[in-house]
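Thanks for coming. I have one structure to show today, starting with the whole chain and ending on a single residue. Please take a look at it first.

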Amino acid sequence: MFKYSFLIVLIAFLLINFNGQENQIVGGKIKKERNEVFFGEYDSFTGRYSRSIKLKKGVTYAFTLSKNTKSGDLSLYVEDPKQPRFFEITNNSLYLTPEKTRRYRINFVGFEHKGSFQLHWKSSNQKESERFV
């Protein structure tokens with residue numbers, strides 16, 4: 001019986017630790033609200049939270065980060081999983097035109113960050129009015 005209990009605990013541990021989250025979020029959460037919006041609100045966030053999104057070749061995407069920081073630090077970058085490169089959001093914005101259609105990873109990195117954030121993105125073929133539909 002001990003063998004099976006140990007195996008179940010090991011499998012649960014592996015599933016929890018390999019879901020794209022290597023972090024500690026206290027008193028809140030980070031979630032994808034709509035197709036082009038991530039939202040986070042918490043008492044404290046330390047670590048890395050990542051999710052994948054599909055981006056199309058040749059389309060320019062505008063990412064805008066709005067954050068409310070009471071203390072700590074929050075940064076964000078978009079990673080190309082097929083190549084060893086990433087695109088960091090600077091001055092709360094990033095314009096990215098992928099060379100290939102594929103899934104890219106959005107990575108939020110917090111260091112004792114207290115507060116909240118919203119990440120919006122839109123493609124160059126979306127109208128401004130569609131951004132907040």
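Of the 133 residues in this protein chain, 32% are buried. Please keep in mind that the model is predicted.

Now the secondary structure. There are seven strands and one helix in the protein chain.

What about contacts along the sequence? If we take contacts between residues at least 6 apart in sequence, 73% of them join residues at least 24 apart.

Where is N107 found? It sits in strand 7, which covers residues 102–123.

Is N107 buried or exposed? N107 has a relative accessible area of 0%, and the cut-off for buried is under 20%, so N107 counts as buried.

What does the side chain of N107 reach? There are two items to point out here. With the side chain of R48, the side chain of N107 makes a polar contact of 2.9 Å. The N107 side chain also reaches the backbone oxygen of R105, at 3.4 Å.

Finally, the neighbours. Leaving out residues up to four places away in sequence, N107 touches R48, Y49 and S50, then S75, L76 and Y77, and also E79. R48 is therefore on this list of touching residues as well as being the polar partner of the N107 side chain, which is buried with its residue at 0%.

Definitions and conventions:
Residues are numbered from 1 along each chain as its sequence is written. This is a predicted model: local features need pLDDT of at least 70, side-chain atom pairs count only at pLDDT 80 or more; totals for chains, interfaces and linings use all residues. Side-chain values use heavy atoms; hydrogens and water are left out. Helices (H or I, at least four residues) and strands (E, at least two) are DSSP runs, numbered from the N terminus. Buried means under 20% relative accessible area, exposed over 50%, partly exposed in between (1.4 Å probe, protein chains only). Contact means heavy atoms within 4.5 Å. A polar contact is a pair of N or O atoms within 3.5 Å; within protein, one must be able to donate a hydrogen and the other to accept it, and residues adjacent in sequence count only if both atoms are side-chain atoms.
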